[in-house]
Amino acid sequence: MAKHTSGHTSSHKHKKQFGQNFLNNGRIIDQIVAAIRPQPDDHMVEIGPGEAALTAPLIEQVHTLDIIEIDNDLIAPLKIRFASKPAFNLHHTDALKLDYASLLNASKDKLRIVGNLPYNISSPLMFHLLTYAQHIQDMHFMLQKEVVNRITAQPGIKAYGRLSVMIQYRCQTESLFTVGPENFTPPPKVDSAIIRLIPHTQKPFIADDETTFNNLVRQAFSQKRKTLRNNLKGWLSAEHIESCGIDPSTRAETISVEMFVKLANLYAQTHPNEHKT
Ligand code: SAM
């Protein structure tokens, strides 16, 4: 299929600070939309529409499309093109600061979030979104392929780290397909990939105190080459770690989400009045 920028030519100057790499290949756009599988009743949210490569096909297929764009120069063109569409709901704001619960209409409404994300803010944005996990049905994002590999990695794999644990604690994760740099204008320096994240309706393992869990995981990975016993010094003794069925001389990169939850819960039980940061 011929390359296109969703049916119109552009004079927009791409802004690096907003991570503007716009999709230019209709076949890839179709593949992403097919993976999202938009349904007529969906309440969809698109982060960073840019010049509407994904917006244009999505807006025809869903009941509500909230669109969040920070770049002032893109707002008027989006309004001119889509204001007459019933699903269109544009928010000229920073996706990192938005209160996503404010987008909900009915109590049973859940959001489907999509976006070819600006790579420089993708991790903080996912963490921000996960604070609204109970309101989110699923998320489909284009990210750097290396970040997708880290999020979906299993224990024992080099890519497994804090990001894998924190996201897998809250979501089912699935890497869908890779997208090469030639499919963007301008081309990024790295490969990209599409990921699907489905927040758990019932978390398989529950941390008694999520702040403690967050902090303990951060601490466990603080020095990658050190053992768990060394990284958790001052948090849990070797005996405590062993009591969870974990060898204290292993490294954090071999510890499953379930075991991290066990360690955090043991810490919370044995240090009820302490909140380490
Ligand atoms: N969706 C378009 C596409 O696939 O061609 C554009 C994707 S481009 C990688 C990222 C988009 O996110 C840009 O339109 C950019 O202006 C926007 N953006 C960057 N930072 C943002 C933020 N903090 N909040 C909302 N939008 C942002």
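**View 1. Six aromatic pairs are present in the structure.** This is a predicted model in which local features need pLDDT of at least 70, side-chain atom pairs count only at pLDDT 80 or more, and totals for chains, interfaces and linings use all residues. Residues are numbered from 1 along each chain as its sequence is written, and side-chain values use heavy atoms, with hydrogens and water left out. Rings of Phe, Tyr and Trp (its six-membered ring) pair if their centres lie within 6.5 Å; planes under 30 degrees apart count as stacked, over 60 as edge-to-face and the rest as tilted.

**View 2. Phe221 and Phe260 form a tilted aromatic pair.** The centres are 5.6 Å apart, with 40° between the planes. Phe221 belongs to the loop between helix H7 (210-220) and helix H8 (228-231), and Phe260 to helix H10 (residues 257-270), so the pair ties together parts that are 39 residues apart in sequence. Helices (H or I, at least four residues) and strands (E, at least two) are DSSP runs, numbered from the N terminus.

**View 3. The ligand is surrounded by 22 residues.** Residues count as near if a heavy atom lies within 4 Å. The closest are Gln20, Leu23, Gly48, Glu69 and Asp94. By class, the shell holds 11 nonpolar, seven polar (Gly counted here) and four charged residues.
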